[in-house]
Every structure is written in C-alpha cells, then in structure tokens.
Amino acid sequence: MEVNEESEHHLMIEKSASPIMLIDPRKARFPCCIVWTPIPVISWLIPFIGHIGICREDGVILDFAGPNFVCVDNFAFGAVARYFQINKEKQCCSSPHKIDEQYEQDRPRGDESTWDDALKKSTQEYQHLSYNLLTCNCHSFVANNLNRLSFRGGGWNVVNLATLIFLKGQWVNKAAIVRSLLPFVVVLSLGVLFGGWNFIAFLGFFSVFLVSWFLVGTYCFKSLIRL
C-alpha cells in the first residue's frame, strides 16, 4: 500500500485535499485548475501574456480558442506551462442562491450548482460568441466561469485573472519555464542587437498599449470587454 502511494507521488505533481483530485501534466489533467500557456509571437514580445483555460473536476481542459468554439481536452497553443489549483470546497460558493446575481437569471430553477455545471453553462454561452483578442478572449471565458462559481466572492475580470496566474501560477516543470521565457530572451536580444532603441521603443509602446487597453476596458468602460 505504501509503495503504491509513493509511486503516485512520483507520477503526480501535486495532491489536493481530495484523494481523487490529482494533477498529472503528462496526461494533461489539471482538476479544478486555471491553466496557462504562452502564445507564439505575442508571448515572445510580452512574456506575461498568454492563453488561458479552466479545467473540469476530472482535469479536462476547456478553453475559448476561436469564434463559437470552446476546445475540450485539446489546449490551444500547446501543453500547459503554469497552473493554479482552486479548492472548490473552501474558495467557491456553489449554492444557487449565493451565486453571483448577474448569472442567476440564466440558471434553471432547481438546478444544483456544481463546478462542472458552471463550466457547462459558460461553455454553452461562449459557443455562441465571436472571438476577439481585445474584447472577448480566453480570459473572458475563464473569468465568466469564476464568477459563476463565485470564486473568492466573484468580481473576476481579464486584469485580475491575468494578475492571479502571473503571481500565483505554479510552473509545471523547468522545461515549461524555458519554453515560456527563452523565446522572449532570444527576440529581445536580437531586437536590441539589430534594432537598437527603435526596437525597445516599439516593444515599450506595444506593451503599454495592450496593458492600457485592458485596464481602461475593464475599469473605465465596463461593457467594452465581455465577461
């Protein structure tokens, strides 16, 4: 018995409070997690920007990857590089009468709210939405799920969600760190070498534009970025 338990620890990265909720990167299973991976080109220029998804209780990844399309168990842009696991019993409010009011009208009466119920509801909603990098993207989808779950009381948007995964997200392994940051280092080095201050100015403008857009769209014009 002890031998089997030790072997499981070698196969899995982390074990949650529930014995069945095991994270297994090799099988791309991240139960009740928010997951992140770099996006080609964009993450090469701004490494803290990437693609994000949320996982069912069985660890299957769901991510909004294109117009009217939510990927199931096929994470767009490659393997998971970072993850943040949620303790759904302690950090989520699954009772229907406690769920965030803006989603209550969409919930059928008598429907018991569970983690997978909330994800199913958001998936059905986003399967009828057009994808837009600036106004309706993968972060919008995950924030929508977290608000349905009332994770830490709700109020999630693309900005605080990106901040959460940037500050609290755990790297899957050292290879994931290299895969995520090495392209940025290479592009930055080549850009400075061949472009000098012009490249630095472009990179600074591009970064400020994206960050400012999401800050303004989230906190000043709240209807601009969909949640």
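Visitor: Buried or exposed: which is Ala176?
Guide: Ala176 counts as buried, because its relative accessibility is 4%. Buried means under 20% relative accessible area, exposed means over 50%, and partly exposed is in between (1.4 Å probe, protein chains only).

Visitor: What kind of model is this?
Guide: A predicted model: local features need pLDDT of at least 70, side-chain atom pairs count only at pLDDT 80 or more, and totals for chains, interfaces and linings use all residues. Residues are numbered from 1 along each chain as its sequence is written, and side-chain values use heavy atoms, leaving out hydrogens and water.

Visitor: Where is Ala176, and what does it touch?
Guide: Ala176 is in helix H8. Helices (H or I, at least four residues) and strands (E, at least two) are DSSP runs, numbered from the N terminus. Leaving aside residues up to four places away in sequence, Ala176 touches Ala81 and Trp171. Contact means heavy atoms within 4.5 Å.

Visitor: Trp171, then. Which residue lies over its face?
Guide: Arg82, at 4.5 Å from the ring centre. A charge sits over a ring if NZ of Lys or CZ of Arg is within 6 Å of the ring centre and within 35 degrees of the ring normal.

Visitor: Back to Ala176. How far is Pro38?
Guide: In space, 9.6 Å from C-alpha to C-alpha; in sequence, 138 residues. Pro38 has Gly50, in E4, as its bridge partner.

Visitor: Which strands pair there?
Guide: Strand E3 (residues 33-38) pairs with strand E4 (residues 50-55), antiparallel, over five bridges. Two strands pair if DSSP finds at least two bridges between them.

Visitor: What does the whole sheet look like?
Guide: The sheet is open, with six strands in the order E6-E5-E4-E3-E7-E8 and antiparallel pairing. Strand E6 (69-72) and strand E8 (170-171) are the edges, each pairing on one side only. Helix H5 (residues 115-126) packs on the sheet and touches E3, E4, strand E5 (61-66) and E6. The direction of H5 makes about 130 degrees with that of E4.

Visitor: And where does H8 lie?
Guide: Helix H8 (residues 174-195) lies across E3 and E8, at about 50 degrees to E3. Axes are lines fitted to C-alpha atoms, for helices over the stretch in contact, and angles run from 0 to 180 degrees between N-to-C directions.

Visitor: How do H8 and H9 cross?
Guide: The axes of H8 and helix H9 (residues 197-219) come within 6 Å and cross at roughly 135 degrees. H8 and H9 are therefore oblique to each other. Angles under 35 degrees count as roughly parallel, over 145 as roughly antiparallel, 65 to 115 as roughly perpendicular, and the rest as oblique. Residues in the contact include Val187 and Leu188 of H8 and Phe199 and Leu203 of H9.

Visitor: New topic. How many aromatic pairs are there?
Guide: The count is 10. Rings of Phe, Tyr and Trp (its six-membered ring) pair if their centres lie within 6.5 Å; planes under 30 degrees apart count as stacked, over 60 as edge-to-face and the rest as tilted. Phe64 and Phe141 make a tilted pair, 6.5 Å between centres and 40 degrees between planes.

Visitor: Which residues form the aromatic cluster?
Guide: Phe64, Tyr126, Tyr131 and Phe141.
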